[in-house]
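Grab a viewer and work through these exercises with the model loaded. Try each task on your own before you read the solution.

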Amino acid sequence: MLLHLIADYGMGDLAFAEVRQRLGMLLPDAAVVVTSVGPFDTLGAGFCIGQLALNDGPQDMVLYANIAPRRDEEDPRRNNAGERLVAARLPSGVLVVAPNAGYTFSFLRDEAEELREVEVPESGSQFRSRDLFPDVVARLARGDVGPLGPPLPNEAVPAFPERVVAYTDGYGNLKTTWTELPAPPGTRVGIAVGDQRGFAVVSDGAFEVPVGETSFAPGSSGWRRRSGGSAAFLELFRRGSSAAAMFGHPPAGTPVEVVG
C-alpha cells in the first residue's frame with residue numbers, strides 16, 4: 001500500500017514523525033510518503049490531493065491529509081473539537097481521508113464517486129491526526145466501511161477559487177488555478193500576483209523562453225476529468241530563477257491577473 005500523508009506540520013517537524021509512527025503501527029506494510037504544505041493552507045493541500053489522487057498510481061493507494069484550522073466555528077471550541085472527518089472514494093479505487101476544512105476536498109468535489117462523513121470523535125485531543133484519526137484511516141484502508149457515515153452534501157464542499165496561486169514548488173514555480181491561456185502563445189503580458197507586478201510570455205511550454213525570462217504556460221500539474229477531457233493548470237515559471245521570489249513569495253489563494 002502507498003499512503004500519502006499530507007499536512008501543514010512543517011517539513012521535518014516532530015509531528016510528521018509521530019503520525020508516521022502511529023501509521024506504522026496500524027499499517028505496517030504501508031509505504032508512507034510525506035508532503036508538507038503551509039500552515040492552514042487548505043487550498044495547497046487540496047491541490048496536492050488532486051494531483052496525487054487523480055493521476056496514475058497503484059490501486060491500493062490512500063491519501064490521508066490533515067489541515068484543520070478549526071475555523072468552521074468562531075466561538076471557543078470545547079475539548080479541542082474541530083472539522084468533521086470525511087472520506088472520498090474515487091473511481092480508480094483510491095481512498096482520500098481528511099477533515100473537511102476549507103478547500104481540502106474542492107478539487108475532488110466533481111471527481112469522487114462519493115464523499116461521506118466518517119464516524120470518529122470530533123474532539124478529545126489537540127493532536128487529532130495522531131491520536132484519533134489514524135485508527136479510522138487504517139480501518140477504511142483495510143476495506144472496513146463501518147466508520148462511514150452519511151453522504152456529504154455537495155454544498156458542504158466549496159468550489160476552488162479560479163485564477164489564483166494554488167501551490168509553490170521547491171523551484172519557486174507558482175502553480176495556479178488558471179486552465180486557459182490568457183493570450184496567444186508568444187504574447188508578452190503584464191502579470192499581477194497580489195500587489196506585485198511583472199511580465200511573462202504566454203507559451204505552450206514552460207521552457208519556451210530564454211534564461212531569465214518568465215513564462216505563463218501549462219505546467220506539470222493536471223489530471224483527467226471524470227466527465228471527460230483533462231484539466232491542465234498554468235504556472236508562472238522563471239527560467240533559471242524563482243517566480244515566487246519575483247512576485248514576493250505569494251501564499252496560496254493570492255489572485256493572479258493579466259494586466260495592461
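**Exercise 1. Work out how many residues of domain 1 are in contact with how many residues of domain 2.**

Step 1: get the bounds. The protein splits into domain 1 (2-156) and domain 2 (164-258), with bounds that come from an automatic or database domain assignment.

Step 2: count contacts, meaning heavy atoms within 4.5 Å.

Step 3: get the spacing. Taken over C-alpha atoms, the centres of domain 1 and domain 2 are 28 Å apart.

Some housekeeping before you go on: this is a predicted model, where local features need pLDDT of at least 70, side-chain atom pairs count only at pLDDT 80 or more, and totals for chains, interfaces and linings use all residues. Residues are numbered from 1 along each chain as its sequence is written, and side-chain values use heavy atoms, with hydrogens and water left out.

**Exercise 2. Find which residues of the largest nonpolar core touch the most other members, and say where this core lies.**

Step 1: set the rule. A nonpolar core is a set of buried Ala, Val, Leu, Ile, Met, Phe, Trp, Tyr and Cys residues joined through side-chain atoms within 4.5 Å. Buried means under 20% relative accessible area, exposed over 50%, and partly exposed in between (1.4 Å probe, protein chains only).

Step 2: The largest core has 31 residues, and Ile6, Val96, Phe105 and Leu108 touch the most other members.

Step 3: see who contributes. Helix H2 (42-53) and strands S3 (61-66), S4 (85-89), S5 (95-99) and S13 (230-238) each supply at least two residues; the largest share, 6 residues, is from H2. Helices (H or I, at least four residues) and strands (E, at least two) are DSSP runs, numbered from the N terminus.

Step 4: Leaving out residues up to four places away in sequence, Val96 touches Ile49, Ala53, Leu63, Val86, Ala87, Ala88, Phe105 and Leu108. There's also a second, separate core of 28 residues, which includes Tyr9, Val97, Val120 and Ala138.

**Exercise 3. Give the strand order of the open sheet of 7 strands, then name the edge strands.**

Step 1: pair strands when DSSP finds at least two bridges between them. The order comes out as S8-S9-S13-S12-S11-S10-S14, with mixed pairing.

Step 2: look for one-sided pairing. Strand S8 (165-168) and strand S14 (256-259) are the edges, as each pairs on one side only.

Step 3: zoom in on one pair. S11 (residues 196-202) and S12 (residues 214-224) run parallel and are joined by 2 bridges; Val202 sits opposite Phe216 in S12.

**Exercise 4. Decide whether Glu213 and Arg188 are buried or partly exposed.**

Step 1: check the pair. Their salt bridge has its closest N and O atoms 2.7 Å apart.

Step 2: compare with the cut-offs. Glu213 is buried at 17% relative accessible area, whereas Arg188, at 49%, is partly exposed.

Key:
Salt bridge = Lys/Arg side-chain N within 4 Å of Asp/Glu carboxyl O.
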